[in-house]
Amino acid sequence: MNRNEITEQVVVARLSKGLSWQKLADAIDRPVLWTTSALLGQHPIPAEQGKVLVEMLGLDDSAVAVLAAPPMRGGLPSAVPTDPTIYRFYEALQVYGGAIKEVIHEQFGDGIMSAINFSVDLHKKSHPAGDRVVVTFDGKFLPYQWISAQD
């Protein structure tokens, strides 16, 4: 069984058992977005936590080892995402990405926000004009460090 097959099984099992992503996350004491991303194939799940999830989802025990293996991260089925929810993030970065980059450089210096030393949070915020989606990316700033070949 490969990771894609297990991901399909996770999605089907979660829905058929009526399990929320939050309930699965709570069972392994991990953030809901991390757990969801991991079960969708983007993070390795330590074996002990994988065993809990596999049992809850009713998957074969052989899935634990595959879930624990380092995955091939990233990648979308197309260069420009077509799913409307994912596309809106793409659109927001097209509009605000340059400005975010400029302000990061102005406030922190020449560098990047890590997506490895990173957390993400999502919550719902009530608003008179309609509920708001609040997404917070929290990544360590990593300055570019130019070193010579002799170093």
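View 1. Gln49 is found in helix α4, where helices (H or I, at least four residues) are DSSP runs numbered from the N terminus. The model is predicted, so that local features need pLDDT of at least 70 and side-chain atom pairs count only at pLDDT 80 or more, while totals for chains, interfaces and linings use all residues. Residues are numbered from 1 along each chain as its sequence is written, and side-chain values use heavy atoms, with hydrogens and water left out. Gln49 is buried, with a relative accessible area of 17%, buried being under 20% relative accessible area with a 1.4 Å probe and protein chains only. Not counting residues up to four places away in sequence, Gln49 touches Ile28, Arg30 and Trp34, contact being heavy atoms within 4.5 Å.

**View 2. The contact of α2 with α4.** Lys23, Leu24, Ala27 and Ile28 in α2 meet Gln49, Val52, Leu53, Met56 and Leu57 in α4. The residues of this contact divide into 7 nonpolar, 1 polar and 1 charged.

**View 3. The largest nonpolar core.** Of the 18 residues in this core, Val10, Leu24, Leu39, Ile45, Leu57 and Leu59 touch the most other members; such a core is a set of buried Ala, Val, Leu, Ile, Met, Phe, Trp, Tyr and Cys residues joined through side-chain atoms within 4.5 Å. At least two residues of the core come from each of α1 (3-17), α2 (21-28), α3 (32-39), α4 (47-57) and α5 (63-68).

**View 4. The contacts of Leu59.** Leaving aside neighbours within four places in sequence, Leu59 is in contact with Ile6, Gln9, Val10, Ala13 and Val54.

Conventions
Buried means under 20% relative accessible area, exposed over 50%, partly exposed in between (1.4 Å probe, protein chains only). Ala, Val, Leu, Ile, Met, Phe, Trp, Tyr, Cys and Pro count as nonpolar, Asp, Glu, Lys and Arg as charged, and the others, Gly among them, as polar.
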